[in-house]
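Please go through the briefing below alongside the sequence and the structure, which are shown next.

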Amino acid sequence: MNTTRGITMAWLGHPVTMVALAVLVINDHVLKLTHPGWATGKLSDAAGMLLAPPLLAALAGLIAPRLPVRRVAVTSMVAVGAGFTVVKLWAYGAELASAAWSVLTPSLIRADPTDLLVLPLLAGSWWTWRRSHASRAGRVTRAVRLAVLLPLALAGVAATSPLPHTRAESVVVAGDAVYVHATAVRPRRAEWSVSRDGGVTWSGAAEPASPRQPVCSRDRVCYRVVPDELGVQSSTDGGPWTDSWRIGDDDRQALYRDYADIETILALSSGALAVQDVPGGHVVVVANGRDGFAVRDPAGRWTRIGFPAFPDDVAPLPLSTSPGALGRPLRITVIALLAGFLMTVAGVVSLRRSGGSRQWWWLAAAFPAAAVVLIPVAVRAWRDPASIVAAPGFLSPFLAVVVALAGAVIALSFAAGRAATARAWLRPAAVAALVTAAASAVAWRLMS
């Protein structure tokens with residue numbers, strides 16, 4: 001086995017790296033569900049600092065085994081540290097990372113500068129690399145690392161903990177208070193919240209005794225939900241029913257695309273409501289499934305409040321401010337192809353300067369061809385995600401990311417192998433990385 005591949009796989013198989021993998025899996029799939037909070041969040045980041053560099057290096061060594069091993073190790077650590085810093089300091093970077101990771105599994109990555117406290121653990125990853133560099137392993141051990149450890153590490157990193165799928169269940173009135181009931185699917189947990197000031201503030205509560213579900217106020221205004229939609233209608237003195245509050249079809253479709261953990265748009269439907277008389281008028285609280293709860297104040301203003309019992313949930317997601325805003329899968333598809341094309345071109349340019357064949361330009365030509373196929377598929381999934389003929393929303397961005405990574409890694413790896421000096425290929429790669437970041441930010445803004 002090639003030295004680079006063997007050393008990077010030894011780095012991945014180091015006991016410290018394997019412990020980090022075990023901690024990541026147990027923390028994401030057990031501890032985060034039973035003890036969510038600051039500590040479990042930081043524990044995942046800490047394990048990632050020890051696991052991500054050797055995993056990235058192992059993949060690079062597998063794809064381009066002739067790369068100098070030290071360069072692979074240093075580049076992997078720098079890439080992990082720089083990427084983690086960008087994501088945690090920049091809200092746009094966190095949003096883009098969430099969207100890209102959701103191609104594999106619904107995920108939420110938040111910008112949080114305090115997470116940078118785990119960056120010094122990269123020194124531990126460097127220590128494990130130095131120890132692995134000096135080790136020697138037999139053929140069987142190397143085969144086991146390649147066939148078992150690499151797939152396990154990839155599965156452990158990809159299968160991150162899912163978003164907490166929450167659902168607004170019911171609304172009742174008891175005494176002078178209004179109560180709402182919500183359920184978290186993962187982990188299974190049901191919570192009651194209570195408001196004694198007309199829905200302005202909420203706090204945790206036990207299940208109320210003698211609950212009622214009035215739908216009419218003392219001034220004879222009655223309310224009902226719109227079946228299978230996000231909306232409430234009202235009727236005064238038995239008159240005709242008119243819309244009191246409604247989220248339009250376009251906005252509802254946008255919410256369906258943005259909530260990554262629901263399978264059907266019917267999860268975004270108003271299900272139950274209750275009316276409470278208060279000084280100066282009445283309030284209405286309605287349960288809207290995945291979108292949480294909405295409250296009508298005595299002045300008639302409606303506000304979506306999400307889930308009072310689950311403040312860390314993403315609901316309520318903002319409504320689109322631009323009717324022409326492109327959906328996240330389409331944006332990720334376009335940006336992934338754009339970024340991959342720019343980085344691939346940088347690698348091909350370096351290859352040509354090192355005497356490489358003109359045939360390498362066919363690698364860059366694959367991106368326009370992929371765009372012709374994937375972008376129309378993404379547009380279809382964006383415009384009508386509930387259609388039975390539309391491809392799954394994750395398909396186009398997933399394929400776009402695969403094409404981008406394949407093109408960029410192949411071009412840059414061969415460029416690094418043929419270049420006479422590191423500067424000969426690092427310079428065009430750095431320029432391309434800066435242009436890629438700027439072009440991606442502009443593209444995201446234009447499509448938002």
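**Briefing on the predicted model**

Leu395, Phe398, Leu399 and Val402 together form a nonpolar surface patch with about 280 Å² of accessible area. Patches are made of residues with over 30% relative accessible area and no salt bridge, like charges being joined within 9 Å and nonpolar side chains (Val, Leu, Ile, Met, Phe, Trp, Tyr) within 5 Å; a salt bridge is a side-chain nitrogen of Lys or Arg within 4 Å of a carboxyl oxygen of Asp or Glu. Accessible areas come from the Shrake-Rupley method with a 1.4 Å probe, and for residues only the protein chains shown count as cover.

This is a predicted model, in which local features need pLDDT of at least 70 and side-chain atom pairs count only at pLDDT 80 or more, while totals for chains, interfaces and linings use all residues. Residues are numbered from 1 along each chain as its sequence is written, and side-chain values use heavy atoms, with hydrogens and water left out.

**Overall make-up**

- The secondary structure of the protein comes to 12 helices and 11 strands, where helices (H or I, at least four residues) and strands (E, at least two) are DSSP runs numbered from the N terminus.
- Of the 448 residues, 44% count as buried, buried meaning under 20% relative accessible area, exposed over 50% and partly exposed in between (1.4 Å probe, protein chains only).
- The protein exposes about 21,900 Å², of which carbon and sulfur atoms supply 64%.
- Among contacts (heavy atoms within 4.5 Å) between residues at least 6 apart in sequence, 61% join residues at least 24 apart.

**Individual sites**

- Valine 402, a member of the nonpolar patch, lies in helix α11 (residues 395-418) and is partly exposed, with a relative accessible area of 42%.
- Histidine 282 belongs to strand β9 (residues 281-287) and counts as buried at 5% relative accessibility.
- The side chain of histidine 282 is joined to that of tyrosine 223 by a polar contact of 2.7 Å; a polar contact is a pair of N or O atoms within 3.5 Å, of which, within protein, one must be able to donate a hydrogen and the other to accept it, and residues adjacent in sequence count only if both atoms are side-chain atoms.
- Glycine 356 sits in the loop between α9 (328-353) and α10 (361-383), where it is buried at 6% relative accessibility.
- Leaving out residues up to four places away in sequence, glycine 356 touches Leu351 and Arg418; arginine 418 is 62 residues from glycine 356 in sequence, yet the two are 8.2 Å apart in space, C-alpha to C-alpha.

**Aromatic pairs**

- The structure holds four aromatic pairs, rings of Phe, Tyr and Trp (its six-membered ring) being paired if their centres lie within 6.5 Å, with planes under 30 degrees apart counted as stacked, over 60 as edge-to-face and the rest as tilted.
- Tryptophan 126 and tryptophan 129 form a tilted pair, 4.9 Å centre to centre with 35° between the planes, and both lie in helix α6 (residues 122-133), three residues apart.
- Tryptophan 126 is partly exposed at 23% relative accessibility, whereas tryptophan 129 is buried at 2%.
- Phenylalanine 293 and phenylalanine 307 form an edge-to-face pair, 6.2 Å centre to centre with 75° between the planes.
- Phenylalanine 293 lies in strand β10 (residues 293-296) and phenylalanine 307 in the loop between β11 (302-306) and α9, so the pair ties together parts 14 residues apart in sequence.

**Backbone**

- The peptide bond from alanine 315 to proline 316 is cis, with omega near 0°.
- Aspartate 237, in the loop between β6 and β7 (242-246), has a positive phi of about 55° although it is not a glycine.
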